[in-house]
Number of protein chains: 2
Amino acid sequence: MNKNALRPLIDQARAAGCAALTAPEAQRICDAYGIPTPKQGLAKTAAEAAKLASRFGYPVVLKIVSHDILHKTEAGGVIVGLETATAVRRAFDQLVKSAKRYKKDASIEGVQVQQMLRGGQEVMVGAVSDPSFGKMIAFGMGGVLVEVMKDITFRMAPVGKKEALSMLDAIGAAAVLHGVRGQPGVDRAALADIIWKVSKLVGDFPEIQEVDLNPIFATVKGARAVDVRIVIGDKAKPRPRFSQSEILGAMQRIMNPRSVAVIGASAEDGKIGNSVMKNLINGGYQGAIYPIHPKATEILGRKAYPSVLDVAEDIDVAVFAIPAKFCAAAMDEAGRKKIPGAVMIPSGFAEVGEQGLQDELLGVARKHNVRVMGPNIYGFYYTPQNLCATFCTPYDVKGKVALSSQSGGVGMSIIGFSRSTRMGVSAIVGLGNKSDLDEDDLLTYFEQDDHTQVIAMHCEDLKDGRSFAEVASRVSKRKPIVMLKAGRTALGARAAASHTGALAGNDKIYDDVLRQCGVVRAKSLNDLLQFARGLQVLPDPQGENIVVITGAGGSGVLLSDACVDNGLTLMKMPPDLDAAFRKFIPPFGAAGNPVDITGGEPPTTYANTIRFALDEPRIHSLILGYWHTIITPPMVFAKLCAEVVEEARAKGIDKPVVASLVGDVEVEEASEYLYERGIVACPYTTELPVAVLGAKYRWARAAGLL
Amino acid sequence: MNKNALRPLIDQARAAGCAALTAPEAQRICDAYGIPTPKQGLAKTAAEAAKLASRFGYPVVLKIVSHDILHKTEAGGVIVGLETATAVRRAFDQLVKSAKRYKKDASIEGVQVQQMLRGGQEVMVGAVSDPSFGKMIAFGMGGVLVEVMKDITFRMAPVGKKEALSMLDAIGAAAVLHGVRGQPGVDRAALADIIWKVSKLVGDFPEIQEVDLNPIFATVKGARAVDVRIVIGDKAKPRPRFSQSEILGAMQRIMNPRSVAVIGASAEDGKIGNSVMKNLINGGYQGAIYPIHPKATEILGRKAYPSVLDVAEDIDVAVFAIPAKFCAAAMDEAGRKKIPGAVMIPSGFAEVGEQGLQDELLGVARKHNVRVMGPNIYGFYYTPQNLCATFCTPYDVKGKVALSSQSGGVGMSIIGFSRSTRMGVSAIVGLGNKSDLDEDDLLTYFEQDDHTQVIAMHCEDLKDGRSFAEVASRVSKRKPIVMLKAGRTALGARAAASHTGALAGNDKIYDDVLRQCGVVRAKSLNDLLQFARGLQVLPDPQGENIVVITGAGGSGVLLSDACVDNGLTLMKMPPDLDAAFRKFIPPFGAAGNPVDITGGEPPTTYANTIRFALDEPRIHSLILGYWHTIITPPMVFAKLCAEVVEEARAKGIDKPVVASLVGDVEVEEASEYLYERGIVACPYTTELPVAVLGAKYRWARAAGLL
């Protein structure tokens, strides 16, 4: 394809301020990129139109060509199904007349005459420019399926050929493209080729804002774009970015500071600067703490300084606890002191409309190369350093999950939930207004942090989604990332110049990108918290074979429902395993899968079946359905279960085990006992433990473990 | 339509053992019922076929006609798009040849020649015979949408004309039928008419098992069924039913017994018959208790009898706590004693494959008109009578929700969850094998029970779905019914079959029927429990205008997401209300909806905005997003909130108020405090309180309150 030859066309269109290219212009682009279209050409007169039609063969379609008419159909600018030369000539005149009527002074370049295709499957390929993720490529079914059912999938450009092909299977009606009910499938390679070419096109010309090939008629052999719409606009400005090593350098010092200054430290109870001091001290942080206060000489037993500049030693983190209006000046001092990280607790910035104040603050920070967390945050916790750089109450249960939140309220929920469920955490970070530090920076740090094995994030927007996607794709290969993306249902207020644009509800793009990056999306706050709690204790699954062992048939049914809901497949039980399980259970118990050991069984039946399933290499994960009985009370079950799992671990067998405990209140204590021993157990719910296991599997598949 | 004229056709087909009617037979039925089809006729020879084709106009379709060929396409029995007489003659010969090749001795009646329709929207109308719900009428989009996207909706026959029309809007692609993107809509009345006629047809001929009009070509004017398939089979046997007054008579005595006998009562700890006795006594039941034991003279201080026949007074309920094999004999005695209700705790019946034992037991019960709860159950609780007729631990927190479960495990969860969350209940009933008493009977009782205002049911199958639907449709008009239908998914359904021996229900049919009956479907066990807990304290909503008041912007976003997920619409805030709210909140707070009062506000800001929203008649329900701060701690919020709601109630204003509390562990206590005062409040979750409100609205809409 000759990219340079198209440059003048694009530049002229841009210079003329044209949003959408005309059909002949779009045709030239398709030709250059080898995107197949029906035979077509531009006619300046009715006679030319008829001549072209005869050359292409009937029937034909005629479309008005004018830069002044964006919506041809609306302007009566399209006539289909013309079967004779006479009809074509008449249609030509009619189109010109309609165009003039629609827009008196429209400059009309002519009429596009196009061979009319019939048959084949209608699909669409498009491209949009997303403010966060940049160029996105779309594929969907044509007609009703994309219009009404919104059956469409997005990928970040560039899309490789293999990925293009995978998009065909990412839509709801994918089966249609393979062929259903005796209908033949379509030429998948041809469609993938068009997707790839559209991706190439928007890569070559960043001015192209939107592309819309809709419909494309795909047949058993080949695919042709019947209608092509290309919208030109301004190139997106590149975002400033730090390199991964710059990020890591700063984050290392921020998360593991040798010293922390508290700007606005206070001896007075109830002040934020007092809470921060207390939390640092009481949390057990071992580094130096420097209270900064204009007058005090000592605060909470620590020597105080009028300014960070008065501290002789290096300072790694400055926690700000002063009113917004004083922050820029203090930031300048922090910068001059070469402090790499500022934790901006103060509110009163962009979140209350003071964008200017925030920009000023960030300008000062950037000048001195200070990375800024916040503003408008509760601060952060990092348990490996016993660091509570926050005004909230301390939290010290160590664990393997790092959590972050864009909202303070969600952050408080993380703390409350963690405390209530004794969830171990490595870090809890408030990102607030995200003037600077954001999810990418955290991911870059947590990726290499051995204290962190799972990352859970609440986020309302990604300022640089492209950068996030790059980092997340890499990190998710090693550690599960769970994200609660809030504002799911609020569609982006985007000008819908094209069809694809209209379909690119902000959330559909987030959904596809997160999946593409291997990020596990939580659909609710509770899911985020539960996944954070559960994923960190579950070992990685080694395969897809899941077995349910249940003491309650009723739970078995609900657990099976939950498996389907969470994309988990119950192992089809081989006859030898079936026979083996039957040996342990009463004759009226149901083997197969779920293995229904029935309700009246003693502890040994649970123990035997669980032990057998753990020992059996063909079984990869276990879902247990415990039912509270007098014969096997909750804590008896919990203890035997933990013991059997521990035995297996001692032998080097570590499989994900989750459990649903139904029964009286004693099942709560039993569930906690099990969780503390690496078994995700939940009382009064069949769906939650399975959802946690499902999240682990979603991650493991995306990370290529399965 | 001439129903009688069709009788011989149906009878002959049935007598000949033909499952599916031939095209000409189906055509006769369509003609009789006025279901429009393309022009068509049966040709016995190639020449006849060509003659018919010329009469209908080209193109035509030819289809083989043979009772021996069920799957025409598979047999190469259909040729489409024939344009000339020569082509038709050739096709005729080819069809006959293919048929013979497919099935050597196939008896061929001829070839159906049919005018070939083009254009229009493909839809389908059908009927199936469901083992639980009987005749069901289906409507869906044709082609890909129904095949791949399963875009279909079901209604119980008979379907009235208005209901038929509503089915057109119950599918995902409903918009297509109205017309989208410049495409015209279809003739909705013509489609509704076909639906109505199919319903009439299967009503007139119960032998018709399935009808399949697929595709139907619907255009702007009219709709014609291109392919018609009608399958004949045995009529379903009518199910024995009790009248509503018979049910109520027995249920009144069972739920409010003056006396209870315990068959198999025991003085020995750990025995079921001992637990039942203790629970009856310790639960505070005030009626007479008769322990039945072959030898004992007294058990737990109550005079014991060798048989119920030895008790002089009337007995209303007999709780069985003896082995399965002795039950039939004991049932006979209970029957002779004219005890109206037997609570069959024993297991060892159908659930372990002993269907015969269960049938025998039921036979004895039916003979004496004893209604049977179970077998294989934990028993039941009815708090208005302080009645714990169960071997589980007593439960006595009185409330307005009646729960039932088909599974013992789920029943135990109900008890544990209730105790843990202090949920008030009126009844908890185990239905187990449902040999006799089932959901309809419970609904009939709870409908008129003033102690019960919400009914929550776990169920794996409905033995007589038709009867349930009738009762549920009536009861749901007055009281919310929530149902967790287990075995929702294909996997779940399989487990259900192995558990109870019940047939797997088609979940789509359950889903549509439950919605049609106004039953709120819970998608998980936790939802069932939470809805049961929450719905009973929320007053009925008076309108659709919902306002979110939040102290955490982040919660506001998540609460808005949850509203969309739960079918709730945030009120578009009128300018005067917007202005009024702005008076209470800081200048940088966001009015509109959610009303974001911002995080640093004192209790008065919460109080003022909540009070204003309660007093404002245009606002119908409130969702609160509380954020834990030092200025407004959790219990301060809880108390002020309860106070303001109480004030409003004192003025006669009672609106549904739900709250999400994010913060540290103190939000748990605050949530409980609020719940006890009729506000559904949940810690660490934004989605749950909105889901409960959503369930209330789903019910209220179905009940016609909104």
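Two strands are taken to pair if DSSP finds at least two bridges between them. In this predicted model, strand 18 of chain B (residues 379–382) is joined to strand 21 of chain B (residues 425–430) by 3 bridges, and the two run antiparallel. Within this pairing, Phe380(B) lies opposite Val429(B) of strand 21 of chain B. Strand 18 of chain B also pairs with strand 19 of chain B (residues 387–390), in the antiparallel sense and over 4 bridges. Here Tyr382(B) has Leu387(B) of strand 19 of chain B as its bridge partner. The hairpin of strands 18 and 19 of chain B has 4 residues between the strands, and Asn386(B) adopts a positive phi near 50°. From strand 18 of chain B, Gly379(B) and Tyr381(B) point one way, Phe380(B) and Tyr382(B) point the other way, and all are buried.

Cavities were also examined. The count comes to 8 cavities of 30 Å³ or more. A volume of about 130 Å³ was computed for the largest cavity. This largest cavity is lined by 13 residues, of which Leu21(A), Thr22(A), Ala23(A), Ile69(A) and Lys72(A) are the closest to its centre. At least two lining residues each come from strand 2 (60–65) and strand 10 (228–232) of chain A. The lining of the largest cavity comprises 8 nonpolar, 3 polar and 2 charged residues.

The second largest cavity has a volume of about 100 Å³. Its lining includes Ala23(A), Gln40(A), Lys72(A) and Asp227(A). Helix 2 of chain A contributes the most to this lining, with 3 residues, and strand 4 (110–115) of chain A supplies at least two. By class, the lining residues of the second largest cavity are 4 nonpolar, 4 polar and 3 charged.

Definitions and conventions
Residues are numbered from 1 along each chain as its sequence is written. Chains are lettered from A and ligands numbered from 1 in the order in which they are written. This is a predicted model: local features need pLDDT of at least 70, side-chain atom pairs count only at pLDDT 80 or more; totals for chains, interfaces and linings use all residues. Side-chain values use heavy atoms; hydrogens and water are left out. Buried means under 20% relative accessible area, exposed over 50%, partly exposed in between (1.4 Å probe, protein chains only). On a 1 Å grid over the protein atoms alone, a cavity is a set of points where a 1.4 Å probe fits but cannot get out, and a pocket is an open set with protein on both sides within 12 Å along at least five of seven lines; lining residues have an atom within 4 Å of a point. Grid points are joined across faces, edges and corners, and a volume is the space filled by probe spheres set on the points. Ala, Val, Leu, Ile, Met, Phe, Trp, Tyr, Cys and Pro count as nonpolar, Asp, Glu, Lys and Arg as charged, and the others, Gly among them, as polar.
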